[in-house]
Amino acid sequence: MKSSKWLLIAFCILLCFINAKGTENRDIRWFIHRTSIYYIGTEDNYTSKEAREICIHQNMMFTISSRDTEEILDYVTNVYGFIPSFWTYDNENFKHLPGSTNTNKDGCYKLSKRDASFSKADCNEKMGFLCRRQFVGASMYFINGTRQDVDKYDVETYCNPHSTKYDHVVQLCLVRYLTTASKSMEL
């Protein structure tokens with residue numbers, strides 16, 4: 001496939017424009033922040049390995065940008081309530097996080113809400129998780145049958161599953177992102 005080819009993915013979260021009425025925000029497992037879409041597991045039910053497998057199954061990265069951690073943790077707290085820690089990294093990439101002193105792939109690390117830091121943890125500890133995937137834009141499908149493409153900077157405004165602001169006009173958002181072969185990881 002050419003690297004310029006777009007892959008359209010209809011995430012179930014964005015179907016919330018149709019189904020979210022009457023659903024609590026904390027029940028929606030997807031959210032949008034800046035130019036990424038996130039998938040969250042809020043229950044303390046997952047080991048590091050299980051969380052990583054879920055992210056891979058969702059075709060998402062098991063790494064979040066360290067520059068966004070405080071904002072994301074604030075957003076998660078506002079929408080989902082307090083969650084003390086998350087699995088949210090890939091050990092293969094953790095050593096590349098700014099400020100990390102990890103020089104090997106041994107051990108597991110978590111993102112702690114208490115101080116918005118990454119720290120070593122028992123890999124079998126059970127906690128929630130965050131997966132992430134950057135997008136490049138979206139196609140909005142309106143109730144009147146028309147379609148409008150928006151760039152990556154407008155997706156959060158129009159396609160946010162935790163907002164009902166545009167429910168009266170937007171029926172569905174399809175988020176676009178580059179294929180795996182052409183995407184670049186941003187840490």
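This is a predicted model: local features need pLDDT of at least 70, side-chain atom pairs count only at pLDDT 80 or more; totals for chains, interfaces and linings use all residues.
Two strands are said to pair if DSSP finds at least two bridges between them.

I begin with strands S5 and S6. S5 covers residues 108-112 and S6 covers residues 117-121; the two run antiparallel and are joined by five bridges. Within this pair, Tyr109 stands opposite Lys120 of S6, and Lys110 stands opposite Ser119 of S6. The hairpin that S5 and S6 form has four residues between the strands. Ala116, in that hairpin, takes a positive phi near 50 degrees.

On its other pairing, S5 meets strand S4, residues 85-87. S4 and S5 are also antiparallel, with three bridges between them.

Is Ser85 buried or exposed? Its relative accessibility is 10%, and Ser85 therefore counts as buried, the cut-off being under 20%. Apart from neighbours within four places in sequence, Ser85 is in contact with Lys110, Leu111, Ser112, Met127 and Gly128.

Cys108 belongs to strand S5. With a relative accessible area of 5%, Cys108 is buried too. Cys123 is 15 residues away from Cys108 along the chain, and their C-alpha atoms are separated by 5.2 Å.

What, then, of S5 as a whole? Five of its five residues are buried, so S5 is largely enclosed by the rest of the structure. Both of its faces are covered: Cys108, Lys110 and Ser112 are buried on one side, and Tyr109 and Leu111 are buried on the other.

I now widen the view to the sheet. S5 and S6 belong to an open sheet of six strands with mixed pairing, in the order S2-S3-S7-S4-S5-S6. Which strands stand at the edges? They are S2 and S6; each has a single partner strand, so one side of each is left without a neighbour in the sheet. On average, and with direction ignored, neighbouring strands of this sheet are turned by 40 degrees against each other.

Two helices deserve mention here. H2 lies across S3, S4, S5 and S7, and runs at about 150 degrees to S3. Helix H3, residues 69-80, packs on the sheet and touches S2, S3, S4, S5, S6 and S7. The direction of H3 makes about 140 degrees with that of S2.

Next, the interior. As a general remark, nonpolar side chains in soluble globular proteins tend to be buried together. In this model, the largest nonpolar core has 26 residues. Those with the most contacts inside this core are Ile37, Trp87, Phe129, Phe135, Met140, Val155 and Cys159. Several elements each supply at least two of its residues: strands S2 (30-33), S3 (36-46), S7 (127-134), S8 (137-142) and S10 (170-178), together with helix H2 (48-57). S10 gives the most, with four residues.

Not counting residues up to four places away in sequence, Val155 touches Ile32, Phe135, Gly137, Ala138, Val150 and Asn160. There is also a second, separate core of 16 residues, which includes Ile40, Val76, Tyr80 and Phe86.

Five helices and ten strands are present. The protein has 187 residues, and buried residues make up 47% of them. Among contacts with a separation of 6 or more, 73% are between residues 24 or more positions apart. Finally, the accessible surface comes to about 9700 Å², and 48% of that surface belongs to carbon and sulfur atoms. Thank you for your attention.

Technical notes:
Residues are numbered from 1 along each chain as its sequence is written. Side-chain values use heavy atoms; hydrogens and water are left out. Buried means under 20% relative accessible area, exposed over 50%, partly exposed in between (1.4 Å probe, protein chains only). Contact means heavy atoms within 4.5 Å. Accessible areas come from the Shrake-Rupley method with a 1.4 Å probe; for residues, only the protein chains shown count as cover. A nonpolar core is a set of buried Ala, Val, Leu, Ile, Met, Phe, Trp, Tyr and Cys residues joined through side-chain atoms within 4.5 Å. Axes are lines fitted to C-alpha atoms, for helices over the stretch in contact, and angles run from 0 to 180 degrees between N-to-C directions.
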